[in-house]
Amino acid sequence: MTGISARDLTAFHDSRHVIAGWARSGAAEHRRGLWQAIEDNHRCNCLLWDEEDLARRRNVPDAEIASNKRAIDGYNQKRNDAIERIDEHFLVLFSSTKENARLSSETPGAMTDRLSILSLKIHHMRLQTLRTDVGSAHLENCRSKLNRLNEQRTDLAACLDRLLAECERGEAWFKVYRQFKMYNDPALNPAIYGEKR
C-alpha cells in the first residue's frame, strides 16, 4: 500500500494556498520521504508562479526582470529534482512487477507535479471570480475556466489513482526519467562555457 491518494495530494496542495506566505517562509510540514518531495515540488511551483508573474512586469528596470528569470531557472531545476525524488520514492513502494506489466510513460511524480500546477491555477482563477473591480463578462469567463480546471484536476486525479493501483498490483510500472536540464549546467550550456574562451 502506498498510503497516498490523489485526494490526499489535492487536499495538501490546496491547504498550502490558505497559509499566507507559505512558499517563501520555508516552513515545512514534512521533513523526509515521499511527502517531503511532494511538498518541495509544490513549494517550487508556488515560487515559480510568483516569479513568472513578476517577470511580465513592464514598469521596472530590465535588471529586475533578469533577476526574476534567473530565479525561475533555479526554481524550475529544484521542481524537476523534486519530481524525480517523488518517482524514486514511489519506485521503492512498487517492488514487484508482473512479466507482462505495461510501461507507463507518465510517472506518478509528473502527475503529482501537474496536480500541483492545477491547484495553483484553480486557486488563482477562483480569486479572479471574487474580484469587484471587473465586469460581469470577466467574472463569468473566469467561472467557466474554473469549472474546466476543476474537471481537468478530477480527471488527472483519477488517472493517478489508477496508475498507483496498477503499479501496486504489478500490472504497470514506470522509470525515473531524468530531465538533464542542460541550460543550468555550466559544462553543457555553450552560452556559459563559451564565455570562458
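**Entry 1: R169 and E171**

I began with E171, which is partly exposed at a relative accessible area of 33%. I noted the cut-offs: buried is under 20% relative accessible area, exposed is over 50%, and partly exposed is in between (1.4 Å probe, protein chains only). R169 is partly exposed too, at 45%. The side chains of R169 and E171 form a salt bridge, 2.9 Å from N to O. For that term I wrote down: a side-chain nitrogen of Lys or Arg within 4 Å of a carboxyl oxygen of Asp or Glu.

**Entry 2: ground rules**

The model is predicted, so I kept its rules at hand: local features need pLDDT of at least 70, side-chain atom pairs count only at pLDDT 80 or more, and totals for chains, interfaces and linings use all residues. Residues are numbered from 1 along each chain as its sequence is written, and side-chain values use heavy atoms, with hydrogens and water left out.

**Entry 3: R79 and D113**

I looked up R79 and D113, whose side chains meet in a salt bridge at 2.6 Å, N to O. R79 lies in helix α4 (residues 62-93) and D113 in helix α5 (residues 108-129), so the pair ties together parts 34 residues apart in sequence. Helices here are DSSP runs (H or I, at least four residues), numbered from the N terminus. R79 is buried at 16% relative accessibility. D113 is buried at 4%.

**Entry 4: R153 and D14**

How many salt bridges does the structure hold? I found 15. One of them links R153 with D14, the closest N and O atoms being 2.9 Å apart. R153 sits in helix α6 (residues 136-168) and D14 in helix α1 (residues 6-17), so this pair ties together parts 139 residues apart in sequence. R153 is buried at 11%, whereas D14 is partly exposed at 28%.

Conventions:
Helices (H or I, at least four residues) and strands (E, at least two) are DSSP runs, numbered from the N terminus.
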